[in-house]
Amino acid sequence: MVENPTPNLPKPIAGGSAAAVPALAIELLPLLPGLIESVTNIVERIQQHATTPDQAKAQLAEVMTHLDSAAAKVAAVQIV
Amino acid sequence: MTRMMTTASRIAGVLALVVALTGASCSTMGTNKALVVSGETIAGIGDQFAALGGVYTKQCTPQISNPAFVSFCKSFKEYGPKFQTAYPLAVQTFKTAAAANDTAAAQGAEKTILQLATELTAIGGQALVTLGGK
């Protein structure tokens with residue numbers, strides 16, 4: 001029986017060397033929090049966009065109605 | 001390894017682009033809110049004019065009911081037609097600006113009406129003083 005010369009190294013993956021995987025993980029790990037934060041920000045912004053533009057449009061529509069009403073009242077004032 | 005880092009950079013780039021685009025869209029929200037505030041201000045001033053017009057109709061037409069209102073009636077009679085001419089123009093300017101998402105033009109319409117509103121407040125003050133003194 002042949003003894004494994006490097007028992008603590010990860011198993012090789014297809015197309016890569018055993019030594020490359022931990023090195024890559026070490027390089028990528030610091031990027032993860034930033035990526036997660038970016039995705040969280042995007043989700044939050046998209047959630048806000050699902051509601052607030054419609055609310056703003058509705059508010060603006062209300063303002064237009066209010067303006068029409070005010071303009072009619074202003075015109076109705078009779079100054080003699 | 002380099003290829004993996006390039007992929008990570010691409011992902012980060014795409015995310016940054018998405019954040020930038022959503023951020024740009026969100027700045028449109030600020031525009032809408034500014035338009036809402038300007039529009040409400042213009043509409044509110046119109047309402048104030050109409051309310052004061054009600055006082056004028058009651059106290060000044062067909063004739064001045066109380067000598068204390070002489071000054072108010074005279075001032076409003078001079079000022080009212082100016083406001084009635086300017087107001088629809090400001091409303092139209094605001095609507096055009098709002099349709100174009102042009103906050104600056106909408107605020108220009110608001111400014112015009114605010115200038116007229118200063119005089120309106122002074123005339124309203126005359127009526128209030130008179131009513132308060134009755």
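**View 1. Val129(B) on helix H3 of chain B.** Val129(B) belongs to helix H3 of chain B. The model shown in this and the following views is predicted. With a relative accessible area of 64%, Val129(B) is exposed, because exposed residues are those over 50%. In sequence, Val129(B) and Phe72(B) are separated by 57 residues, whereas in space their C-alpha atoms are 9.9 Å apart.

**View 2. The fold of chain B.** Chain B contains 3 helices and 0 strands, arranged along the sequence in the pattern α-α-α. Of the 134 residues in chain B, 38% are buried. Among the contacts of chain B with a separation of 6 or more, 75% join residues 24 or more positions apart. The chain exposes about 7,200 Å², and 64% of this area is supplied by carbon and sulfur atoms.

**View 3. The largest nonpolar core.** This core comprises 36 residues, and Phe72(B), Tyr87(B) and Phe94(B) have the most contacts inside it. Two or more residues come from each of helix H2 (31–76) of chain A and helices H1 (2–60), H2 (70–99) and H3 (103–133) of chain B. H2(B) contributes the largest share, 12 residues. As a general background to this view, nonpolar side chains in soluble globular proteins tend to be buried together.

**View 4. The surroundings of Phe72(B).** Leaving aside residues up to four places away in sequence, Phe72(B) touches Leu52(B), Val55(B), Tyr56(B) and Cys60(B), and also Ile123(B), Gln126(B) and Ala127(B). Phe72(B) is one of the residues with the most contacts inside the largest nonpolar core. Of its contact partners, Cys60(B) also takes part in the disulfide of the next view.

**View 5. The disulfide between Cys60(B) and Cys73(B).** Over all chains, the count of disulfides is 1. The sulfur atoms of Cys60(B) and Cys73(B) lie 1.9 Å apart, and the link is left-handed, with -80° about the S-S bond. Cys60(B) is in helix H1 of chain B and Cys73(B) is in helix H2 of chain B, so the pair ties together parts 13 residues apart in sequence. Both cysteines count as buried, because buried means under 20% relative accessible area: Cys60(B) has a relative accessibility of 7%, and Cys73(B) has 5%.

**View 6. Helix H2 of chain B and its end.** The 30 residues of H2(B) should span 44 Å at 1.5 Å a residue, and the distance of 43 Å between the end C-alpha atoms agrees with this expectation. At Tyr79(B), H2(B) bends by about 30°, and the proline Pro81(B) follows within four residues. Just after H2(B), Asn101(B) adopts a positive phi of about 60°.

**View 7. Thr103(B) on helix H3 of chain B.** Thr103(B) is placed in helix H3 of chain B. Its relative accessibility is 17%, so Thr103(B) counts as buried. When residues up to four places away in sequence are not counted, Thr103(B) touches Thr31(B), Ala34(B) and Leu35(B). Val129(B), the subject of the opening view, is also in helix H3 of chain B but is exposed.

Technical notes:
Residues are numbered from 1 along each chain as its sequence is written. Chains are lettered from A and ligands numbered from 1 in the order in which they are written. This is a predicted model: local features need pLDDT of at least 70, side-chain atom pairs count only at pLDDT 80 or more; totals for chains, interfaces and linings use all residues. Side-chain values use heavy atoms; hydrogens and water are left out. A nonpolar core is a set of buried Ala, Val, Leu, Ile, Met, Phe, Trp, Tyr and Cys residues joined through side-chain atoms within 4.5 Å. Buried means under 20% relative accessible area, exposed over 50%, partly exposed in between (1.4 Å probe, protein chains only). Contact means heavy atoms within 4.5 Å. Accessible areas come from the Shrake-Rupley method with a 1.4 Å probe; for residues, only the protein chains shown count as cover. A disulfide is a pair of cysteine sulfur atoms within 2.5 Å. The expected span of a helix is 1.5 Å times one less than its number of residues. The bend at a residue is the angle between axes fitted to the seven residues ending there and the seven starting there.
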